[in-house]
Amino acid sequence: MKLSTFAAAAVVGTAIGAPLGGNCPRGPPAPPAPPAGGPPAPVGSSSSAKTDALAVKGALNLAAYALSHGLPNTVCTKENASVRREWSTFSPQEKKDYISAVQCLTKKPSKTPSSLAPGAKTRYDDFVATHINQTLTIHGTGNFLSWHRYFTWAYEQALKNECGYKGSQPYYSWPKWAADPTKSPVFDGSDLSMSGDGAPQPGRNNTCIPSNDLCQISLTPGNGGGCVTSGPFKDSFQVNLGPVAPVLTDFTPNPDFTGLGYNPRCLRRDISKAASSKWSTDEQVSSLITDFKDFASFSTRMQGDFPNGFLGVHTAGHFTAGGDPGGDLFASPGDPYFYFHHAMIDRVWWIWQNQDIANRQYAIGATITVNNQPPSRNATLDDIIDLGYVGTKPVTIRDASNTLAGPFCYVYV
Ligand SMILES: *[C@@H]1O[C@H](CO)[C@@H](O)[C@H](O)[C@H]1NC(C)=O
Ligand SMILES: *[C@@H]1O[C@H](CO)[C@@H](O)[C@H](O)[C@H]1NC(C)=O
Ligand SMILES: *[C@@H]1O[C@H](CO)[C@@H](O)[C@H](O)[C@H]1NC(C)=O
Ligand SMILES: *[C@@H]1O[C@H](CO)[C@@H](O)[C@H](O)[C@H]1NC(C)=O
């Protein structure tokens, strides 16, 4: 079977052991999408007003909490906490500096032994290899949010410490550009973007989620599908690892079934209004933050409920770029947009935590297997997050639960 989507999480549990990413024939044409579960979303609007208002309310709560309880960590002060901002608020120079640092990471040698991941050629690839290697223990699990928080932070630190970047990791606000992501400065294709859409590949089938064999949610293809045609990641950027669970049909298979073999190719995208305009709107994001009050339901809702036709902002945000490796649950960090998306995932968790700090700062839930398949023990705050050859020291979920404590010292606006 071929897992054709990102969110293969729903079927990954049952697919372990089956060859992933094999080029099997496609099933029958996709049935029409079932009616969407969840709150009705105004399709086509671009506003982040409600989400941003919750962020402000959360920041005020955080300030009040710090006044009454003190800051959790004496080395992280109000003055020197770094501030993560939306890419559209970056100055041209700040954008240049960030893009150069990412390009720098793709020119430094890998630290992953080639015996373990022959496809990990660059320092950038170390992050992709680690994500591929751990995919089945970091999605649909209790460590999903904390693992990706630490991973995104480790990438930001590599940009700073190994490539001289002075700023903070930017995020991409899904709702702000929900109607048309190509209007955002992340995807507008300019020299100061993260490159735009892929070359048009007409005549493609819908993308089925969680897989072509199990089409619970169907997304119409966008206007891309091929190699990105503009911007800084057009020619000089090379994807080396994966795919493992490709969404495009004409993919180049990895020589190793693990996806860790060497598979040099271009960055492909299929920017999807179908995903963004319906599934990552201001309504969707603000409802997620306000209506899901315990950790497990919040984290699970964020990752989608495909049998009930609900995509969730996590999968929607990945499919906003889609393509290869962006649409691949395993290899998606091979598209540098990954870190913009996961900074937004992290921001939404931060906003959620700040709505009720006493109860949510160190909340935990869910188990240690994908959607609890096979059934496993509950995740705990003492569980270890180890990023392997990314090279940062292992931390606990507890350490990764507070952006002003543990290894961290940052906030969002
Ligand atoms: C922040 O300031 C504190 C107190 O001056 C200092 O100990 C700490 O190293 C600083 N942290 C950063 C990340 O600059
Ligand atoms: C993959 O994970 C295993 C088990 O944790 C570890 O021993 C191995 O070094 C990892 N491989 C890579 C490429 O990170
Ligand atoms: C679309 O799906 C049909 C039916 O499964 C298949 O025959 C066709 O090859 C697919 N087209 C592409 C471009 O994948
Ligand atoms: C795991 O968590 C669930 C939900 O919070 C709880 O009902 C259950 O008792 C926990 N299991 C164990 C073994 O602690």
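Helix axes are here lines fitted to C-alpha atoms over the stretch in contact, and the angles between them run from 0 to 180 degrees between N-to-C directions. The model is predicted.

**The whole chain**

Begin with the entire chain displayed as a cartoon. It has eleven helices and eight strands, and buried residues account for 51% of its 413 residues. Of the contacts between residues at least 6 apart in sequence, 76% join residues at least 24 apart.

**Helix α2 and its partners**

Select residues 49–69, which form helix α2. This helix of 21 residues reaches 30 Å from its first C-alpha to its last, close to the 30 Å expected at 1.5 Å a residue. Within α2, colour Thr-51, Ala-55 and Gly-58, the buried residues of the helix. They cover an arc of only 65 degrees around the axis, and therefore lie on the same side of α2. An α-helix has 3.6 residues a turn, so residues three or four places apart point the same way.

Now turn to the face directed away from that buried side: the exposed residues carried there are Ala-49, Val-56, Leu-60, Ala-63, Ala-64, Leu-67 and Ser-68. Against which elements do the buried residues of α2 pack? They pack against α7 (282–291), α10 and β8 (410–412).

The axes of α2 and α7 come within 7 Å and cross at roughly 35 degrees. Before leaving α2, inspect Gly-70, which follows the helix and has a positive phi, near 80 degrees.

**Helix α10**

Select residues 338–355 to display α10, a helix of 18 residues. The distance from its first C-alpha to its last is 26 Å, close to the 26 Å expected at 1.5 Å a residue. Because 17 of its 18 residues are buried, α10 is largely enclosed by the rest of the structure.

**Ligand 1**

Centre the view on ligand 1, which is surrounded by Val-75, Thr-77, Asn-80 and Cys-409. This shell comprises two nonpolar residues, two polar and no charged.

**Backbone features in the loops**

Proceed to the loop between β5 (225–228) and α6 (273–279), where Pro-243 lies. A cis peptide bond joins Gly-242 to Pro-243, with omega about -5 degrees. Next, select the loop between α11 (357–360) and β6, which contains Pro-374. The peptide bond from Gln-373 to Pro-374 is likewise cis, with omega near -10 degrees.

The loop between α11 and β6 also holds Ala-366, a residue with a positive phi of about 65 degrees although it is not a glycine. Ala-366 is buried, with 22 other C-beta atoms within 10 Å. In the loop between α5 (144–163) and β2 (198–200), select Ser-195. Its phi is positive, near 75 degrees, and Ser-195 is buried, with 27 other C-beta atoms within 10 Å.

**Pro-394**

Finish at Pro-394, in the loop between β6 (384–385) and β7 (395–396). Is Pro-394 buried or exposed? With 11 other C-beta atoms within 10 Å, Pro-394 is exposed. Apart from neighbours within four places in sequence, Pro-394 is in contact with Ile-384, Ile-385 and Asp-386.

Key:
Residues are numbered from 1 along each chain as its sequence is written. Chains are lettered from A and ligands numbered from 1 in the order in which they are written. This is a predicted model: local features need pLDDT of at least 70, side-chain atom pairs count only at pLDDT 80 or more; totals for chains, interfaces and linings use all residues. Helices (H or I, at least four residues) and strands (E, at least two) are DSSP runs, numbered from the N terminus. The expected span of a helix is 1.5 Å times one less than its number of residues. A residue is buried if 20 or more other C-beta atoms lie within 10 Å of its own, exposed if 12 or fewer, and partly exposed in between; C-beta atoms are placed from the backbone. A residue is near a molecule or strand if its C-beta atom, placed from the backbone, lies within 6 Å of it. Ala, Val, Leu, Ile, Met, Phe, Trp, Tyr, Cys and Pro count as nonpolar, Asp, Glu, Lys and Arg as charged, and the others, Gly among them, as polar. The arc is that of the directions from the helix axis to the C-beta atoms. Two residues are in contact if their C-beta atoms, placed from the backbone, lie within 7 Å.
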